[in-house]
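Subject: Structure handover

Hello,

Here is the structure for you to look through. My notes on it follow below.

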Amino acid sequence: MSFTDTVTIAARNAWALTFGAGVQAPDPTPSTVLCEQPHRQLRRFEGPEPFSAATGSAVLLVPPLAAPATCFDLRPDQSLARFLLDTGHTPYVVDYGEITFADRRMGFEDWIDDILPEAVLRASADQDGRPVDLVGWSIGGTLALLAAAAHPELPIRSITAVGAPLDYDKMTGIPQLRAVARLTGGIATSTAVRAAGGIPASLTRLAYKVTAWDRELTRPWFVASNIARTETLARMETIDRFMAEMPGYPGRFYGQLWGRLILNNDIGRGVVHLGKRRIELSEVTAPVLLVGGPSDVITPAAAVEAGTRTLTGARSVRYETAPGSHLGILAGLTARDTTWTYLDKFLREAA
């Protein structure tokens with residue numbers, strides 16, 4: 001590339017980042033909405049060929065709360081949805097949409113007893129009743145496992161949990177949080193969350209930025225040093241858009257997360273208590289694939305690997321590791337050769 005071309009591209013990118021709509025427009029994978037209801041929109045991703053229930057397995061992608069469903073379809077070269085289509089599967093995604101103050105009474109039960117079971121049944125019906133493979137990221141993986149444990153009647157063929165926190169004793173900063181909580185019995189946090197109706201989206205976005213403080217700190221230098229590299233800047237923009245779309249947590253859900261998982265580590269003991277109800281991870285019978293990231297500062301690899309100890313009823317539990325951040329192990333540039341490859345092999349063996 002000539003010096004003149006480089007200067008032209010740099011000037012165009014600088015204008016797009018400063019005054020324009022960005023260096024590259026989003027390019028989501030085409031999809032069809034199968035169910036349009038609050039907090040449970042179900043979409044089927046579409047490939048170049050017309051959909052047929054006779055081809056490919058149904059893979060239901062389960063996002064976490066406080067993260068948009070676009071985590072599975074960031075951009076063409078960072079899209080698990082496109083990879084699944086390319087490898088002969090039919091991916092679906094359940095999208096919870098925006099979480100507001102009006103949703104403050106929603107709790108774990110809404111997801112494990114209602115939203116996820118309904119999505120599984122709809123995806124299965126769309127595939128002429130065949131069983132569904134669940135793939136969850138972060139706490140989406142935890143919810144997928146809990147839904148399977150609570151409802152063994154669901155047509156679930158396998159479960160993959162990527163970066164799923166399955167032992168809060170091994171989560172970064174949790175001992176410090178518990179030490180502070182002991183001073184008030186945990187009341188201060190739960191009271192504040194109830195008063196606010198949950199964790200607002202602005203706070204979840206700030207928390208994610210804090211975990212990636214080095215990225216935020218070096219951003220000006222990164223932009224300046226890559227101003228003529230359009231693809232590199234486009235990937236940066238994709239993460240920026242992803243973070244800007246982060247929703248919040250409903251008040252009741254976060255209260256349960258705080259009390260039962262963070263403070264008491266129910267999930268690490270293999271039994272989650274919701275009121276008088278007990279949901280045991282040992283009730284999961286489908287094969288399970290766990291993927292942890294040794295460089296993941298949000299959910300350390302050890303917190304994911306803990307599932308190999310608690311998922312005692314599963315037909316098999318496989319644990320793999322992948323490089324990258326919390327989002328990187330799901331959708332980073334190396335995910336295709338690690339997490340996605342593990343998943344493709346796992347799904348083929350489950351067939």
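This is a predicted model: local features need pLDDT of at least 70, side-chain atom pairs count only at pLDDT 80 or more; totals for chains, interfaces and linings use all residues.

Start with helix α3 (residues 108-126) and helix α11 (residues 251-263): their axes come within 7 Å and cross at roughly 105°. Angles of 65 to 115 degrees count as roughly perpendicular, so α3 is roughly perpendicular to α11. On the α3 side, Phe108, Glu109 and Trp111 make the contact.

Next, the strands. Look at strand β4, residues 90-95. Five of its six residues are buried, so β4 is largely enclosed by the rest of the structure.

Which strands pair with β4? Strand β2 (residues 41-45) is joined to β4 by four bridges, and the two run antiparallel. In this pairing, leucine 42 stands opposite valine 94 of β4. Strand β3 (residues 58-62) is also joined to β4 by four bridges. Here β3 and β4 run parallel. Leucine 61 has valine 93 in β4 as its bridge partner.

How does the chain get from β3 to β4? The path goes through helix α2, residues 80-86. This β-α-β crossover is right-handed.

Then turn to the crossing of α3 and α11.

Best wishes

Conventions. Residues are numbered from 1 along each chain as its sequence is written. Side-chain values use heavy atoms; hydrogens and water are left out. Buried means under 20% relative accessible area, exposed over 50%, partly exposed in between (1.4 Å probe, protein chains only). Two strands pair if DSSP finds at least two bridges between them. A crossover is right-handed if, with the strands pointing away from the viewer, the path from the first strand over the helix to the second runs clockwise. Axes are lines fitted to C-alpha atoms, for helices over the stretch in contact, and angles run from 0 to 180 degrees between N-to-C directions. Angles under 35 degrees count as roughly parallel, over 145 as roughly antiparallel, 65 to 115 as roughly perpendicular and the rest as oblique. Contact means heavy atoms within 4.5 Å.
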